[in-house]
Amino acid sequence: MDFVPRAIEQAQEKLAEFPAEMFGVYCHDVTKLHELPNLRAPYDMVVDIGCGHGIPVDEAVQYAQDISSLLRPGGVWMLYAHEPTEEHDFGWKLADVCQLSSGHFDLAEQLLSQDTTNGMPSGWYRLVNRG
Ligand SMILES: C[S@@+](CC[C@H](N)C(=O)[O-])C[C@H]1O[C@@H](n2cnc3c(N)ncnc32)[C@H](O)[C@@H]1O
């Protein structure tokens, strides 16, 4: 899922050799997941690599709730997020991830490090859906 049409086109190109029933590609804003009726939930895993962290933390509570609704109980949200810095005022710190996910997820694992491409402080989080 991405809200940029070119990203969706690239995904469709990469998936062209796979049977259509194996995947779904959606041009959509992830802050409005609850408005998409045709997703194939429940999912075992949601992977978010650098998408959600652009959503302000207070607004991301709805995003976390929507992901929880799409996952089966015990399903996993694998999340990669940059942390905000003085130069970049977007991103989620560990405390933000805990805050926005605490209503629906248990934080099972975290790995805080620096992004290998730009050096930004970043984290991987494994969040388990309570269901
Ligand atoms: C850092 S890129 C990561 C792309 C992909 N996850 C990957 O690993 O190659 C972040 C992507 O999130 C998309 N994005 C950001 N905010 C979004 C939103 N609210 N809804 C849907 N897509 C969004 C951007 O258009 C961009 O393509």
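Pro 42 is found in the loop between α1 (5-14) and β1 (43-49). The peptide bond that joins Ala 41 to Pro 42 is cis, with omega at about 5°. The model is a predicted one, and its chain is assigned to domain 1 (1-40) and domain 2 (42-129).

**Domain arrangement**

- The centres of domain 1 and domain 2, taken over C-alpha atoms, are separated by 20 Å.
- Five residues from domain 1 and eight residues from domain 2 make up the contact.
- On the side of domain 1 that touches domain 2, three residues are nonpolar, two are polar and none is charged.

**Nonpolar core**

- The largest nonpolar core contains 17 residues, and those touching the most other members are Tyr 63, Ala 64, Ile 67, Trp 77, Leu 79, Val 97 and Leu 127.
- At least two residues of this core come from each of α2 (57-70), β2 (71-82), α3 (94-101) and β4 (121-129).
- Val 97 is in contact with Leu 79, Ala 81, Trp 92 and Tyr 125, when its neighbours within four places in sequence are left aside.

- Strands β3 and β4 pair in the antiparallel sense, and nine bridges link them.
- Phe 105 has Asn 129, in β4, as its bridge partner.
- Six residues lie between the strands of this hairpin, and Gly 119 adopts a positive phi near 75° there.
- How many of the 10 residues of strand β3 (residues 105-114) are buried? The number is one, so strand β3 lies largely in the open.

**Trp 124**

- Trp 124 is found in strand β4.
- Is Trp 124 buried or partly exposed? Trp 124 is partly exposed, because 14 other C-beta atoms lie within 10 Å, whereas a buried residue requires 20 or more.
- Not counting residues up to four places away in sequence, Trp 124 touches Tyr 80 and Leu 111.
- Trp 124 and Pro 42 are 82 residues apart along the chain, and their C-alpha atoms are separated by 23 Å.

**Cys 27**

- Cys 27, like Pro 42, is placed in the loop between α1 and β1.
- Cys 27 has 15 C-beta neighbours inside 10 Å and therefore counts as partly exposed.
- Which residues does Cys 27 touch, not counting those up to four places away in sequence? Asp 2, Phe 3, Pro 5 and Ile 8 are the residues in question.
- From C-alpha to C-alpha, Cys 27 and Pro 5 are 6.3 Å apart in space, and 22 residues apart in sequence.

Key: Residues are numbered from 1 along each chain as its sequence is written. This is a predicted model: local features need pLDDT of at least 70, side-chain atom pairs count only at pLDDT 80 or more; totals for chains, interfaces and linings use all residues. A nonpolar core is a set of buried Ala, Val, Leu, Ile, Met, Phe, Trp, Tyr and Cys residues joined through C-beta atoms within 7 Å. A residue is buried if 20 or more other C-beta atoms lie within 10 Å of its own, exposed if 12 or fewer, and partly exposed in between; C-beta atoms are placed from the backbone. Helices (H or I, at least four residues) and strands (E, at least two) are DSSP runs, numbered from the N terminus. Two residues are in contact if their C-beta atoms, placed from the backbone, lie within 7 Å. Two strands pair if DSSP finds at least two bridges between them. Domain bounds come from an automatic or database domain assignment. Ala, Val, Leu, Ile, Met, Phe, Trp, Tyr, Cys and Pro count as nonpolar, Asp, Glu, Lys and Arg as charged, and the others, Gly among them, as polar.
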